[in-house]
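Biologist: I have a model open and would like to learn how to read its features one by one. Could you walk me through it?

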Amino acid sequence: TLADLKETGSIEEDSDVVLFLHREDRGSESMTCQVGKFRNGRIAACDLKMVRGKVVGMEERNGNYNDF
């Protein structure tokens, strides 16, 4: 969590962006990305689509989808 980073010293304080990635299991083709901190933007979450371990697309939780 972001609170855990505050205990590490200046990592959280000095960073402009903090992302948290979560994947249920290693073979999963999807991953969740949570923006924990974005100094000049908005906090958001998105789902990442993966193929053979590479991110190939992103869908914001509001429904916008982007291919890479």
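Predicted model: local features only at pLDDT ≥ 70, side-chain atom pairs only at ≥ 80, totals over all residues.

Biologist: Where does Leu19 lie, and is Leu19 buried or partly exposed?

Modeller: Leu19 lies in strand β1. With 48% relative accessibility, Leu19 counts as partly exposed. For a distance along the chain and through space, take Leu19 and Thr1: they are 18 residues apart in sequence and 10.0 Å apart from C-alpha to C-alpha.

Biologist: Val18 is also on my screen. Which element holds Val18, and which residues is Val18 in contact with once neighbours within four places in sequence are left aside?

Modeller: Strand β1 is the place of Val18. Its relative accessibility is 8%, so Val18 counts as buried. Leaving aside neighbours within four places in sequence, Val18 is in contact with Leu2, Leu5, Gln34, Val35, Gly36 and Lys37.

Biologist: Let me step back to the whole chain. How many helices and strands does the protein chain have?

Modeller: There are 2 helices and 5 strands in the protein chain. Reading from the N terminus, the order of elements is α-α-β-β-β-β-β. The C-alpha trace spans about 35 × 25 × 15 Å along its principal axes.

Biologist: What part of the chain counts as buried, and how do I read the surface?

Modeller: Of the 68 residues in the protein chain, 22% count as buried. The accessible surface of the chain comes to about 5200 Å², and 49% of that belongs to carbon and sulfur atoms. For charge, the protein chain has 10 positive and 13 negative side chains, with the centres of the two sets 5 Å apart.

Biologist: What share of contacts joins residues at least 24 apart?

Modeller: Take the contacts in the protein chain between residues at least 6 apart in sequence: 10% of them join residues at least 24 apart.

Biologist: Now the interior. What should I look for in a core?

Modeller: In soluble globular proteins, nonpolar side chains tend to be buried together. Here the largest nonpolar core has 5 residues, namely Met31, Cys33, Cys46, Leu48 and Met50. The elements giving two or more residues to this core are β2 (30–38) and β3 (45–51). Strand β3 gives the most, with 3 residues.

Biologist: Which residues is Met50 in contact with, apart from neighbours within four places in sequence?

Modeller: With those neighbours left aside, Met50 is in contact with Arg23, Glu29, Met31, Val55 and Val56.

Biologist: The core includes Cys33 and Cys46. How many disulfides does a search of the whole structure find?

Modeller: A disulfide is a covalent bond between the sulfur atoms of two cysteines. A search of the whole structure finds 0 disulfides. Cys33 is in no disulfide, and the nearest cysteine sulfur, that of Cys46, is 4.2 Å away. The cut-off for a disulfide is a pair of cysteine sulfur atoms within 2.5 Å. As for burial, Cys33 is buried with a relative accessible area of 8%, and Cys46 is buried at 9%.

Biologist: Let's move to the loop between α2 and β1. Is Asp16 buried or partly exposed?

Modeller: Asp16 has a relative accessible area of 45% and is partly exposed. Ser15 also lies in the loop between α2 (11–14) and β1 (17–22), and Ser15 counts as buried at 15% relative accessibility. Leaving aside neighbours within four places in sequence, Ser15 is in contact with Lys37 and Arg39, while Asp16 is in contact with Lys37, Phe38 and Arg39. Asp16 and Arg39 are 23 residues apart in sequence, yet 5.0 Å apart in space, C-alpha to C-alpha.

Biologist: And which residues does Glu12 touch, not counting residues up to four places away in sequence?

Modeller: On that count, Glu12 touches Leu2, Leu5, Lys6 and Lys37. Glu12 belongs to helix α2 and is buried, with a relative accessible area of 13%.

How values were computed
Residues numbered from 1 in each chain as written. Heavy atoms only, no water. Buried < 20%, exposed > 50% of the residue type's maximum accessible area, 1.4 Å probe, protein only. Helix = DSSP H or I, 4+ residues; strand = E, 2+ residues; numbered from the N terminus. Contact = heavy atoms within 4.5 Å. Areas by Shrake-Rupley, 256 points an atom, 1.4 Å probe, with all protein chains shown as cover. Lys, Arg positive; Asp, Glu negative; His and termini not counted. Charge placed at Lys NZ, Arg CZ, Asp CG, Glu CD. Core = buried A, V, L, I, M, F, W, Y, C linked by side-chain atoms within 4.5 Å.
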